[in-house]
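Take a walk through this chain, one feature at a time. Keep the sequence and the model side by side as you read.

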Amino acid sequence: MRGIMEQARQKRIVLGITGGIAAYKAAELARLLVKQGFTVQVAMTEAATHFITPATMRALTGQPVLVDQWQDDKGMAHIHSSRVADAIVIAPATADFIAKLSNGLADDLLSTLCLARDCPLLVAPAMNRQMWSNAATQRNMQRLLSDGVTLFGPVSGVQACGEEGMGRMLEAEELARDIVASLNAPSPTLTLPHRERELGTQALRGVRVLLTAGPTYEAIDAVRGITNRSSGKMGYAVAQAAQELGAEVTLVSGPTALPHPQGVQVQDVTSAAEMFEAVKSRVAAADMFIAVAAVADYRVAQPSEQKIKKSDAKLTLELIPNTDILAHVAALPDAPFCVGFAAESENLRGYAEQKRRAKKLPLLAANLAQNAIGADDNELILFDDAGEHRLPRADKLTLARALLLHATKLYQKGRSK
Ligand code: CTP
């Protein structure tokens, strides 16, 4: 207990309040954060002061409230406040403020402070359901997510306008809990929302995604074979993340011990040749192909139908190359948008870029094999035409969601050309 209090006492949160009716919840949020030992510095937009007064926030936090960027004596309030903050929390974040954030605008004190920050930005949207589902808002949200901003909510429920739907801000207790959890997460972490499923971002609705996952098993004889240590966890997480974004997902899976992800069509296969056949028969109906499987590069030339009996003689297995499924798909005349994976044990950047170019892929996710195999978490570097993007260590589902958001952006850009 002492540890948590002491840790919290040292931390300083800038609580940004923008102009929406949910601003009243910010008072309770400030009270809860102060109670947990945080120093809370409130910064409000002018619009927010019409919903809740700076006097209320000052009384609850014991700190002067920042509103007007021109009122600061030193003229550098935005730089100073963002430098000393451990996090900036925007609650509530209106659709207008989210649009500003996603475009990097800085035309008032709070937006300037966000742009000048050197700390995590946590955003709790609150708006009418129609504004939330508007394509512009969804586009802005996605951009914030891929910029590494953490989202809390919104949730579905009765709204201030009397309508019911997605867009309600989380309650103060939930927000306080999520903020503390986020600040206590080991660093660096990939800060993605806890509630993507409730986000309603259906960016891949109607898009058909074909995936490979898991290891393959290349028979030597009736009971023995060559395989690898891939667990399939990453591929299954990517399938789930695609399904959450509204895609129609088909997963061609090598042998794993994992349950089939919900809402995903799964075809189980064993060998690389079977995986290749399954992909070939489905690829014409795919808009995106994501090759996560650790496909065996070689198979036994003549597997024995019967169990090979031991003898004192030397035994040599002849191995012949398997077709590279991803390279085959990427070279098709009407190829889907292709995403590859690379697991390397050394020279990650060099080999990954080489692989991406050789297979002509718009996007490749690379990791160090020794960090990833069988583990529940991982870290990835994404390589695309714009360069590299690091996704810091996180659980595989969080990484899969971030990867999918990045892939979706590139996919949509490609289609709009
Ligand atoms: N891949 C594939 N079919 C294969 C081999 C690989 O579809 N027969 C795909 C994997 O699913 C992954 C990517 O190609 O998306 C990279 O696979 P990897 O095994 O890391 O690289 P290779 O190209 O096989 O090269 P190497 O084994 O020499 O590193």
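Bear in mind that the model is predicted.

Start with helix α2, residues 23-35. Its partner here is helix α3, residues 54-61. The two axes come within 9 Å and cross at roughly 15 degrees. Angles under 35 degrees count as roughly parallel, so α2 and α3 are roughly parallel to each other. Their crossing is right-handed. Which residues of α2 meet α3? They are Ala26, Ala27, Ala30, Arg31 and Val34. On the α3 side, Met57, Leu60 and Thr61 take part. By class, this contact of α2 with α3 holds six nonpolar residues, one polar and one charged.

Stay on α2, and look for helix α9, residues 172-184. These two helices pack at about 45 degrees, with their axes 9 Å apart. α2 and α9 are therefore oblique to each other. The crossing is right-handed. From α2 come Lys25, Glu28, Leu29, Leu32 and Leu33. From α9 come Ala172, Glu173, Leu175, Ala176 and Ile179. The contact of α2 with α9 has seven nonpolar and three charged residues, with no polar ones.

In α5, the residues in contact are Ala95, Ile98, Ala99, Leu101, Ser102 and Asn103. In α8, they are Thr137, Asn140, Met141, Arg143 and Leu144. Sorted by class, the contact of α5 with α8 has six nonpolar, four polar and one charged residues.

Next come the backbone details. A cis peptide bond joins Ala91 and Pro92, with omega at about 0 degrees. Pro92 lies in strand β3, residues 87-93. Asn347 sits in the loop between β16 and α14.

Turn to the pockets. How much space lies in the largest pocket? The value is about 1000 Å³. The lining counts 43 residues. Val292, Ala293, Ala294, Val295 and Ala343 are the lining residues nearest the centre of this pocket. Several elements each supply at least two residues of the lining, among them the strands β8 (208-213), β13 (288-291) and β16 (337-344). By class, the lining of the largest pocket has 23 nonpolar, 13 polar and seven charged residues.

The second largest pocket holds about 400 Å³ of space. Its lining is made of 14 residues. Nearest its centre are Phe337, Pro362, Asp385, Leu410 and Lys413. Which helix gives the largest share of this lining? It is α16, residues 396-416, with seven residues. The lining of the second largest pocket has five nonpolar, three polar and six charged residues.

Notes: Residues numbered from 1 in each chain as written. Predicted model: local features only at pLDDT ≥ 70, side-chain atom pairs only at ≥ 80, totals over all residues. Heavy atoms only, no water. Axes fitted to C-alpha atoms, helices over the stretch in contact; angles between N-to-C directions. Helix = DSSP H or I, 4+ residues; strand = E, 2+ residues; numbered from the N terminus. Parallel < 35°, antiparallel > 145°, perpendicular 65-115°, else oblique. Left-handed = near helix turned anticlockwise from the far one by under 90°. Contact = heavy atoms within 4.5 Å. Nonpolar A, V, L, I, M, F, W, Y, C, P; charged D, E, K, R; others polar. 1 Å grid on protein atoms, 1.4 Å probe; cavity = no way out; pocket = protein on both sides within 12 Å on 5 of 7 lines; lining within 4 Å. Points joined across faces, edges and corners; volume = space filled by probe spheres on them.
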